[in-house]
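This briefing is meant for a reader who is meeting the structure for the first time.

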Amino acid sequence: MQDQDPVNKIDRNKVYFLVIVIAALLGINAYLYFKDKQQSNRFVTVNTEKDRLNLEVEKIEVELDKVNSLNVTLSEKLQEEQKLAREKIAELKLALQKGQLTHGDLEKAQNQVKELREFVKNYNDKIKRLETENTYLKSERDSLKTTANTYSEKAENLEKENQNLNAKVKVGAALKAANININAYKVKESGKNVLVTRASTANKFTIDFSIVPNSLAEKNYHKVYLRVFDPAGNLVANENNMFEIDGQQMQYSNAIEFSYNNDEAVYKIDWTNPKEFMKGTYSIILYTDGFIMGKGQITLR
């Protein structure tokens, strides 16, 4: 039997060796391929989670911003809670802006977002309760304001009615003269008064009058103002003699004060003309307590 060729044996060993090397290389390449693919998938997963967390943080920030649009006055405690929440949001945004995140960083961020979401939910619940309380209080305030305005309006109406009533009572209590009688006299040197009808001889008027009975009138002293107008319609009065009626200052010719007792007493007021009398009709007006008491006339020849 012939021995095997040594050369062919060596060639076969080389082929076996090359096959083993190629198989090893293929195995290494396959390992590296799957490893890279796994790392790539992990990188994609991390980036996706980063984006989701960023979106969650932005939603939470929007929820906080809604509070500023509400017409609610925040207490110092609520203001401090909002401040802390915004600081935590800023920290999370900064952490998520990193180029790469480890698995631990990602888990930490997830837990922080979860805590922050729960915190903001509780915070917004407090704001809603506060807004509801404010709405109720505003309603109560408006109701009280309406009630107060109603009572104020009623009080004003009552005040006006009282004023009108007082004015009517005052008018009803005003004294009115009756049986006004005017006579012209000449006063002699002896002091004796002589009744005359001619302007050339007269130098004074005497006005007699009584008072219409009035139970509403005040039984007290009353002052009567006399105004005398000559035939030309001019007031004959001293410019220093002034009294007020309806808020207006007026001159008077003479005045007396008498005690009124709601009886049938007759009163008299004299007026001496500082000038010469004129022919014609003289008019007189009596005033008391801010009202016209009565009018009268006398004609001199």
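In this predicted model, a search of the whole structure finds 12 aromatic pairs. One of them joins Phe205 and Phe277, whose ring centres are 4.8 Å apart with planes at 50°, so the pair is tilted. This pair connects distant parts of the chain, since Phe205 belongs to strand β3 while Phe277 sits in the loop between β9 and β10, 72 residues apart.

**Aromatic residues**

- Phe205 is buried with a relative accessible area of 0%, and Phe277, at 9% relative accessibility, also counts as buried.
- Another pair is made by Phe209 and Phe258, where the ring centres lie 6.5 Å apart and the planes stand at 75°, so the arrangement is edge-to-face.
- Because Phe209 lies in strand β3 and Phe258 in strand β8, this second pair ties together parts that are 49 residues apart in sequence.
- Phe209 counts as buried at 1% relative accessibility, as does Phe258 at 5%.
- One aromatic cluster is formed by Phe205, Trp271, Phe277 and Tyr282.

**The sheet that contains β3**

- Four strands make up an open sheet in the order β2-β1-β3-β9, and their pairing is antiparallel.
- The edges are taken by β2 (193-196) and β9, each of which has a single partner strand, so one side of each is left without a neighbour in the sheet.
- From one strand to the next, the twist averages 35°.
- Strands β3 and β9 run antiparallel and are joined by seven bridges, and Ile207 has Ile269 in β9 as its bridge partner.

**Thr206 and its surroundings**

- Thr206 is part of strand β3, which covers residues 204-211, and at 6% relative accessibility it counts as buried, because the cut-off for that term is under 20%.
- The side chain of Thr206 makes a polar contact with the side chain of Asp270, at 2.8 Å.
- Apart from neighbours within four places in sequence, Thr206 is in contact with Asn181, Ile182, Asn183, Tyr185, Lys268, Ile269 and Asp270.

**Two loop residues with positive phi**

- Most residues other than glycine have a negative phi.
- Asn262, which is not a glycine, has a positive phi near 55°; its place is in the loop between β8 (254-259) and β9 (266-272), and it is partly exposed at 27% relative accessibility.
- Asp289, again not a glycine, has a positive phi of about 55°; this residue is found in the loop between β10 (280-288) and β11 (291-300), and its relative accessible area of 38% makes it partly exposed.

Note on methods:
Residues numbered from 1 in each chain as written. Predicted model: local features only at pLDDT ≥ 70, side-chain atom pairs only at ≥ 80, totals over all residues. Heavy atoms only, no water. Buried < 20%, exposed > 50% of the residue type's maximum accessible area, 1.4 Å probe, protein only. Polar contact = N/O pair within 3.5 Å; in protein donor to acceptor, adjacent residues only side chain to side chain. Contact = heavy atoms within 4.5 Å. Pairing = 2+ DSSP bridges. Axes fitted to C-alpha atoms, helices over the stretch in contact; angles between N-to-C directions. Phe/Tyr/Trp six-rings, centres within 6.5 Å; stacked < 30°, edge-to-face > 60°.
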